[in-house]
Amino acid sequence: MKITILDDYFDTLRTLPCFGKLAGHDVTVWNDHVQDVDALAARLAETEALVLIRERTQIRAPLLERLPRLRLISQRSVYPHIDIAACTRLGIVVSSEMHADTPSYAAAELTWALVLATARRLPQQVAALRKGVWQTGVGDTLRGKTLGIYGWGRIGTTVAGYGKAFGMEVQVWAREASRQRAAAAGWTVAPSRDAFFSTSDVVSLHMRLVDATRGIVTAADLARMKPSAMLVNTSRAGLVSPGALVAALRAGRPGLAAVDVFETEPLRDPADALLTMENAVCTPHIGYVTRDEYELQFSDIFDQIVAYAAGTPINVVNPDVVANRRR
């Protein structure tokens, strides 16, 4: 099959052991990011199987309708960036392993790295030292503070464990069913949403971005946080009401933020409000960007291609297409 891989920024996939699964296929790898439909249509004109790296590129009907040879889109995790209905209509199989049994330890580790870096003002201290300044302020200790986990899924539970290991008090807020699961597992559930935001020293968001969660963290929620508190978002920028975090940081509640996700990605504007704020630590959506995580994810993604080529598609998220898929 003619396989195209998009958005492999550092040409990493060819160096992974799992890349050998594509032996015998014609593979093209693109290292830059393009969203323009005309440019993508030209790049993908001969593509039969398209490999996506998470949600870096939007795959919508105007593009799909210009790709008559495309038969399979293979990726891992959620797929809000793919027009599933258009794929089904056009006979294109979408395979996505949902890794229901494993959290992204890489994302959980980055979350904790951001908590530590923000609490101890590490970016500011490193930058100052490189300019010849010896110490530039005082950080905060996490032990004895309260870590609030908003959303009780695989990554949230892992981050909660990290907090507990650091001697933090952990409390949970989530939808009712998730709160019940957390309580049954022995974790403390906040008595109310308002109490969760007002008493947490660190609030870390761990939810999928769907219609029900878009803007779920409001300006009022942020205004309830302590001036000394920190909001951490390694999930999706859309979980926070547009503009609310910047306004809250300017108002001083919360006093700190650490974010790995943005409304527009890739974000290349150094004048973006969050990037200019001294009380915000920002990273370029690298939660899952480790060699170990890539090997785990792309082993599944390439298995999906091999299965399709053998005539037995797996992890199909649009099963209605199977009987009428393109040949």
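**Close-up 1. Asn 324, out on the surface.** A residue counts as exposed when its relative accessible area is over 50%, and as buried when that figure is under 20%. Asn 324 comes in at 61%, so it counts as exposed. Keep in mind that this is a predicted model. You'll find Asn 324 in the segment after α11, the helix that covers 291-309. Leu 6 is 318 residues away from Asn 324 in sequence, and their C-alpha atoms are 26 Å apart in space.

**Close-up 2. Arg 326, a buried charge without a salt bridge.** Arg 326 also sits in the segment after α11. Arg 326 is buried, yet it makes no salt bridge: Glu 65, the nearest side chain of opposite charge, is 9.0 Å away. What does the side chain of Arg 326 reach at 2.7 Å? That would be the backbone oxygen of Leu 70. The Arg 326 side chain also reaches the backbone oxygen of Pro 68, at 3.4 Å. Setting aside neighbours within four places in sequence, the contacts of Arg 326 include Leu 67, Arg 69, Arg 71, Leu 90, Ile 92 and Tyr 308.

**Close-up 3. Strands β4 and β5, side by side.** Strand β4 (residues 72-76) runs parallel to β5, and 5 bridges join them. Together with helix α3 (residues 84-90), these two strands make a right-handed β-α-β unit. Strand β5 (residues 93-97) is mostly covered, with 4 of its 5 residues buried. Across the pairing, Gln 75 stands opposite Ser 96 of β5.

Close-up 4. Ser 96 belongs to strand β5. Is Ser 96 buried or exposed? With a relative accessible area of 2%, Ser 96 is buried. The side chains of Ser 96 and Gln 75 are joined by a polar contact of 3.0 Å. Not counting residues up to four places away in sequence, Ser 96 also touches other residues, among them Arg 76, Tyr 79, Gln 304, Asn 315 and Val 317.

**Close-up 5. The open sheet of 7 strands.** Here the strands line up in the order β8-β7-β6-β9-β10-β11-β12, with parallel pairing. The edges are β8 (188-189) and β12, each of which pairs on one side only.

**Close-up 6. Strand β6, covered on both faces.** How many of the 5 residues of strand β6 (residues 146-150) are buried? The count is 5 of the 5, so β6 is largely enclosed by the rest of the structure. Thr 146, Gly 148 and Tyr 150 are buried on one side, and Leu 147 and Ile 149 are buried on the other. β6 pairs with β7 through 5 bridges, in parallel, and Thr 146 faces Glu 169 of β7.

**Close-up 7. Helix α10 and what covers it.** Helix α10 spans residues 244-251, and its buried residues include Ala 244, Leu 245, Val 246, Ala 248 and Leu 249. Among the elements covering them are α9 (219-223), β10 (230-233), β11 (256-259) and β12 (280-282). After α10 comes Gly 252, with a positive phi near 90°.

**Close-up 8. A few of the salt bridges.** Searching the whole structure turns up 17 salt bridges. One of them joins the side chains of Asp 303 and Lys 21, at 2.9 Å from N to O. That pair links distant parts of the chain: Asp 303 is in helix α11 and Lys 21 is in the loop between β1 (2-5) and β2 (26-29), 282 residues apart. Asp 303 has a relative accessible area of 31%, so it is partly exposed. Asp 32 and Arg 43 form another salt bridge, with their closest N and O atoms 2.7 Å apart. Arg 71 and Glu 48 also meet in a salt bridge, at 3.0 Å, and both are buried. Those two belong to a salt-bridge network that also takes in Glu 46 and Arg 69.

Notes
Residues numbered from 1 in each chain as written. Predicted model: local features only at pLDDT ≥ 70, side-chain atom pairs only at ≥ 80, totals over all residues. Heavy atoms only, no water. Buried < 20%, exposed > 50% of the residue type's maximum accessible area, 1.4 Å probe, protein only. Pairing = 2+ DSSP bridges. Right-handed = clockwise from strand over helix to strand, strands pointing away. Contact = heavy atoms within 4.5 Å. Lys, Arg positive; Asp, Glu negative; His and termini not counted. Salt bridge = Lys/Arg side-chain N within 4 Å of Asp/Glu carboxyl O. Polar contact = N/O pair within 3.5 Å; in protein donor to acceptor, adjacent residues only side chain to side chain.
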